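Student: Please take one part slowly for me: the pairing of oppositely charged side chains. I would like to know where such pairs sit and what surrounds them.

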Amino acid sequence: MNPTTMGQAQVDRPTARLSLAYVWVAYAAFGLAALAGMLQGMVRGGLIELPSWTNYYQILTAHGVLMALIFTTYFIIGFLLSGVAKTTGGSLHGTARGLGWIGWILMTIGTAMAVVTIVMNDASVLYTFYAPLKASPFFYIGSALLVVGSWFGGFAIFSSYRKWRRENRGKLSPLFVFMSVTTFILWLIATVPVAVEVLFQLIPWSLGWTPSINIMLSRTLFWFFGHPLVYFWLMPAYIAWYVCVPRVIGGHIFSDSLARLSFILLLLFSMPVGFHHQLMEPGISPGWKMIHVILTLIVVVPSLMTAFSMFATFETTGRKKGGVGLFGWFKKLPWSDVRFFAPFVGMLFFIPAGAGGIINASNQMNAVVHNTIFVTGHFHITIGAAVALTFFGVSYWLIPVLTGRTLTRTANRMGMVQTVFWSVGMFLMSFAMHYLGLQGTPRRTDYTTYMDHPTALGWMDYQRVMGFGGGLLFVAAVLLILILGYLTFYAPKGKTEYPIAEPETEQHTPRILERWPVWVGVLLFLIVMAYGIPIADQLTHNPPGSPPIRTW
Amino acid sequence: METRTESQRQIDNTKKTQPEQNLKGTFVAVLLVGAIILLSWFGVFGLFLGRA
Amino acid sequence: MHLHRYEKIWLILGSGGLALFIVLLCVNAFAMGMAPPSNMEMIDPAKVTETPPFDNPGLKKLNDNEYDAYMTAFAFGFAPNKMEVPVGAKVNFHVTSPDVVHGFQIPGTNVNFMVMPGHINSATYTFDKPGEYLILCNEYCGAGHQVMATTIIVK
């Protein structure tokens with residue numbers, strides 16, 4: 001383990017309680033979602049059959065909503081609030097904490113509403129809730145509360161940031177805070193279209209106040225939100241990679257200004273790109289699709305920068321520790337420290353994940369993989385491996401920091417085992433998914449042989465591999481919950497470091513990077529360019545709308 | 001003893017060449033990442049053309 | 001802002017690779033006519049069964065080896081249920097939905113598109129090899145989604 005900075009402010013008790021409340025709802029949702037996911041894998045592999053009181057699509061909805069929306073959002077807010085507190089003096093002021101708790105309460109009410117409707121089988125519409133499938137109005141109201149609650153988490157961060165700037169005029173903000181603010185500016189803007197869809201289209205329609213719904217518009221608004229959503233998951237993982245991991249390995253931030261620049265680029269180009277999720281749809285012209293494809297490929301550049309920064313941090317640190325030759329530095333990294341190992345494996349997963357993402361977004365090539373299980377494999381190695389492993393790695397030190405306990409050697413070793421199980425399970429499952437997807441196996445489909453069609457029968461072996469991978473993932477999930485429970489309630493008391501790295505030398509960071517009106521202005525301009533004409537067209541030139549339909 | 005002098009020399013090197021650190025390993029690693037992206041993209045593009 | 005020399009080279013190579021992808025995609029989509037399925041035609045979803053040609057779904061022979069296949073995708077099936085074409089036939093699929101969103105995919109081919117109520121979507125495929133091709137719905141559409149499939153026989 002690395003030397004801890006004794007005596008320095010970590011996170012004060014009231015803030016720690018708030019952060020822990022978020023993190024633990026995240027892991028409660030994660031546990032349920034992992035169970036649902038394992039069952040799906042087993043069903044799809046033909047290994048088990050579900051009892052008659054539930055069905056594949058109900059547990060698929062539960063898995064998607066709990067994992068992709070609840071686990072991620074709660075963890076992200078809990079993590080970022082703690083980091084903002086840590087880097088602005090060790091605490092959140094009263095206003096910020098109050099906003100944080102309002103957010104937590106709203107989100108938890110919303111989550112409960114959504115979960116109840118799913119359990120009652122009144123919301124088997126999957127987490128994308130495509131109209132005209134109609135869920136219970138309470139599912140949509142619950143989702144709206146979840147989103148609005150998450151805004152308060154963002155307001156808490158903005159409030160702390162403003163206070164810090166007032167007290168530190170002319171100074172450059174801490175990198176962690178800058179990145180958190182960028183992430184939440186993205187989230188606030190990105191959730192507006194989905195809020196419009198839910199509040200003005202889905203809720204009135206599901207309550208019977210409006211007879212029909214504009215399908216095309218609802219999908220465009222959803223994916224206007226849906227792609228920045230994945231960056232909302234990714235950016236907090238990048239924060240851990242840029243700011244926390246270098247400290248864990250005893251190194252420094254490679255370049256403060258490049259880290260900030262990459263976040264600004266992510267903010268700008270993750271938004272005007274939603275049509276790359278709608279490439280196979282009618283009613284959007286090929287020209288507009290191509291414009292969104294080009295913008296999508298531009299958002300790869302900040303990830304290329306991140307790849308370089310990560311390797312550079314590892315190389316400079318490893319060389320200082322005596323690594324020589326082309327790759328000698330690699331051996332000098334702390335391989336037995338789960339706080340490094342888990343996020344590092346996540347980074348490795350992100351290499352094929354990024355490559356797969358570029359393939360998905362490549363316009364006409366999307367026909368090879370669209371709605372196949374390749375896509376499911378892709379987002380299981382992005383969010384389910386790169387992001388999730390990073391969040392696990394963060395949790396192994398964050399929870400002890402918040403509870404005033406320590407990550408013991410045994411807990412660290414168990415964490416290593418957990419990481420290996422999760423990684424092997426995810427590798428097997430997602431490899432099978434990518435392979436099957438290229439053969440045309442559809443995603444989001446219950447066990448089926450399509451009346452013993454030879455094409456579908458040929459998929460079964462790999463579907464069993466998926467099920468096996470899902471089993472390993474479930475073991476890893478149970479292990480994780482046990483370790484985190486230990487770290488919350490039983491681990492020995494002590495001081496644990498909140499790892500925040502700093503640049504090695506004084507670096508000049510251009511002030512323009514922190515001029516928010518400039519970047520928000522550019523972003524709004526890009527959004528109007530990418531969406532103005534298509535949305536105006538969908539509003540004025542549309543077929544008769546669809547009535548609500550329940551097909552499950 | 002020998003490793004110490006070795007690492008000492010490394011630190012000296014880094015200091016001298018600041019800010020151009022020795023990032024040869026990084027460069028090779030990112031080139032590998034690029035190669036993975038190119039190969040998988042052209043693989044699927046080939047599949048797409050072959051199925052047209 | 002300082003950029004290491006290797007990082008400059010990496011970003012130039014990386015951006016160059018992305019630009020190459022874009023150029024290839026544009027040429028293939030717009031000059032070679034391989035743009036993704038993006039039919040702009042619309043239809044009243046409540047009146048699909050009374051709107052020609054979808055009132056009578058099936059194959060319409062255009063010439064010796066070209067067909068229009070007018071189809072509907074509904075919860076949970078396709079109409080017509082069975083189709084047969086000779087080897088080498090070029091089939092233009094035109095599909096719409098009277099209810100929810102569906103998918104239309106023939107595994108092993110590039111025929112893969114969304115079928116949305118209110119819209120007609122289209123794709124073309126030339127069946128050069130004989131066989132019984134599986135057509136399946138790849139967008140979740142309800143409790144019977146996994147049985148929503150049909151076949152096209154190529155002899």
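Tutor: A salt bridge here is a side-chain nitrogen of Lys or Arg within 4 Å of a carboxyl oxygen of Asp or Glu. Side chains of opposite charge can pair when their charged atoms come close. This is a predicted model, in which local features need pLDDT of at least 70 and side-chain atom pairs 80 or more, while totals for chains, interfaces and linings use all residues. Residues are numbered from 1 along each chain as written, chains are lettered from A and ligands numbered from 1 in written order, and side-chain values use heavy atoms, without hydrogens or water.

Over all chains, the rule gives twelve salt bridges. Start with E167(A) and K163(A), whose side chains meet in a salt bridge with N and O 3.4 Å apart. Both belong to helix α4 (residues 137–167) of chain A, and because they are four residues apart there, about one helical turn separates them. Helices are DSSP runs of H or I with at least four residues, strands are runs of E with at least two, and both are numbered from the N terminus. E167(A) is exposed at 53% relative accessible area, whereas K163(A), at 29%, is partly exposed (buried is under 20%, exposed over 50%, partly exposed in between, with a 1.4 Å probe and protein chains only).

Now take E315(A) and R319(A), which are joined by a salt bridge of 2.7 Å from N to O. They too are four residues apart, about one turn, in helix α9 (residues 301–320) of chain A. Here E315(A) is buried, with a relative accessible area of 0%, and R319(A) is also buried, at 8%.

The setting of these two pairs is chain A, which has 17 helices and zero strands. Of its 552 residues, 68% count as buried. Its C-alpha trace spans about 65 × 50 × 45 Å along the principal axes.

E506(A) lies in the loop between α16 (460–489) and α17 (516–540) of chain A and is exposed, with a relative accessible area of 80%. The C-alpha atoms of E506(A) and D256(A) are 9.8 Å apart, although 250 residues separate the two along the chain.

Chain C has a pair of its own: D44(C) forms a salt bridge with K47(C), with the closest N and O atoms 3.4 Å apart. D44(C) is partly exposed at 22% relative accessible area, and K47(C) is partly exposed at 43%.

One salt bridge is found across the interface of chain C and chain A. It joins R444(A) to E139(C), whose closest N and O atoms are 3.8 Å apart. On the side of chain C that touches chain A, the elements giving two or more residues are α1 (5–31), β7 (112–115), β9 (131–136) and β10 (149–154). Of these, α1(C) gives the most, with 14 residues.

Around that bridge, 63 residues of chain C are in contact (heavy atoms within 4.5 Å) with 70 residues of chain A. The two chains bury about 5,300 Å² between them, 71% of it on carbon and sulfur atoms; buried area is the accessible area (1.4 Å probe) lost when two parts are put together, summed over both. In chain C, M1(C), Y140(C) and Q146(C) lose the most area to chain A, together 15% of what that side buries.
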